[in-house]
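Subject: Structure handover

Hello,

Here is the structure for you to look through. Notes on what was found in it follow below.

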Amino acid sequence: MTRVTVWNEYRQERESAEIAAVYPQGIHGAIADGLRDAGFDARTATLDEPEHGLTDDVLAATDVLTWWGHAAHDQVDDAIVERVRRRVLDGMGLIVLHSGHHSKLFRALMGTSGDLKWREAGERERIWVVDPSHPIADGLGESFALEQEEMYGEPFDVPAPDRLVLVSWFQGGEVFRSGCCFLRGRGRIFYFRPGHETHPTYFQPMVRRVIANAVRWAAQPRGDRPTFGNQQPLEPLGGG
Ligand code: ZN
């Protein structure tokens, strides 16, 4: 069974009654429940746990990590960011959610700012499948709508995705690359846009389906660890 660690900053749910009412078990609780319903072995980890809940043992026992952070990106310890980054390059899947676009981890893996436009107006978002051949698109139909979400708009300062699966339209006129696949080392990374803390987005069945599909995609088998550096020849070198 695929082992998923659902990481959450878990500050705003404890500080705001409005957000706690939307996510009484925390955003991580809602995401983990959705993944368990989809048949995954999901555990949670949060910022205020020792080592942010991301010890070497936890990471070694994690096939795919999901990441939600917003207000406390700068409080994530650089050594732990580096530990997680290396584990991704070594083959752990990573699903970066919503405001995780500004996390130290995502920016380190992308090499760009992760900047974008945003607006909190509770507007309608329609998410379009632009790559129906991709496994993350399974069961989504051509598009689905979220009645109320924060807007994120282009340009999104990331490298061109290795595969672009989803694009969002917003009521106010902006568009956004909402479902982006990136390959880094042996690791597969998926950025998925929706999930503002004041909306019940992580209970929405299609959003849960995207996250489950993305975990399945990111957990696929992969090749052996490569070796680098100076090499002895594998075959006799000819010549005289
Ligand atoms: Zn947000």
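The largest share of the lining of the largest cavity, 4 residues, is supplied by α3. This is a predicted model, in which local features need pLDDT of at least 70 and side-chain atom pairs count only at pLDDT 80 or more, while totals for chains, interfaces and linings use all residues. Residues are numbered from 1 along each chain as its sequence is written, and side-chain values use heavy atoms, with hydrogens and water left out.

The cavity

A cavity here is a set of points on a 1 Å grid, over the protein atoms alone, where a 1.4 Å probe fits but cannot get out; its lining residues have an atom within 4 Å of a point. Grid points are joined across faces, edges and corners, and the volume is the space filled by probe spheres set on the points. The structure has 1 cavity of 30 Å³ or more, and the volume of the largest cavity is about 50 Å³. Its lining consists of Ala30, Ile31, Gly34, Leu35, Tyr202, Arg208 and Ile211. At least two lining residues come from each of α3 (26-37) and α7 (205-218). Helices (H or I, at least four residues) and strands (E, at least two) are DSSP runs, numbered from the N terminus. By class, the lining has 5 nonpolar, 1 polar and 1 charged residues (nonpolar: Ala, Val, Leu, Ile, Met, Phe, Trp, Tyr, Cys and Pro; charged: Asp, Glu, Lys and Arg; polar: the others, Gly among them).

The aromatic rings

Rings of Phe, Tyr and Trp (its six-membered ring) pair if their centres lie within 6.5 Å; planes under 30 degrees apart are stacked, over 60 edge-to-face, and the rest tilted. The count comes to 10 aromatic pairs. One of them, Phe106 with Tyr191, is tilted, at 5.6 Å centre to centre and 35° between the planes. This pair links distant parts of the chain, 85 residues apart: Phe106 is in helix α6 (residues 104-110) and Tyr191 in strand β9 (residues 187-192). Phe106 and Tyr191 are both buried (under 20% relative accessible area, with a 1.4 Å probe and protein chains only; over 50% is exposed, in between partly exposed).

Tyr152 and Phe176 are edge-to-face, because their ring centres are 5.7 Å apart and their planes at 70°. Tyr152 lies in strand β6 (residues 143-153) and Phe176 in strand β8 (residues 175-184), so this pair ties together parts 24 residues apart in sequence. Both Tyr152 and Phe176 are buried.

Regards

Notes
On a 1 Å grid over the protein atoms alone, a cavity is a set of points where a 1.4 Å probe fits but cannot get out, and a pocket is an open set with protein on both sides within 12 Å along at least five of seven lines; lining residues have an atom within 4 Å of a point.
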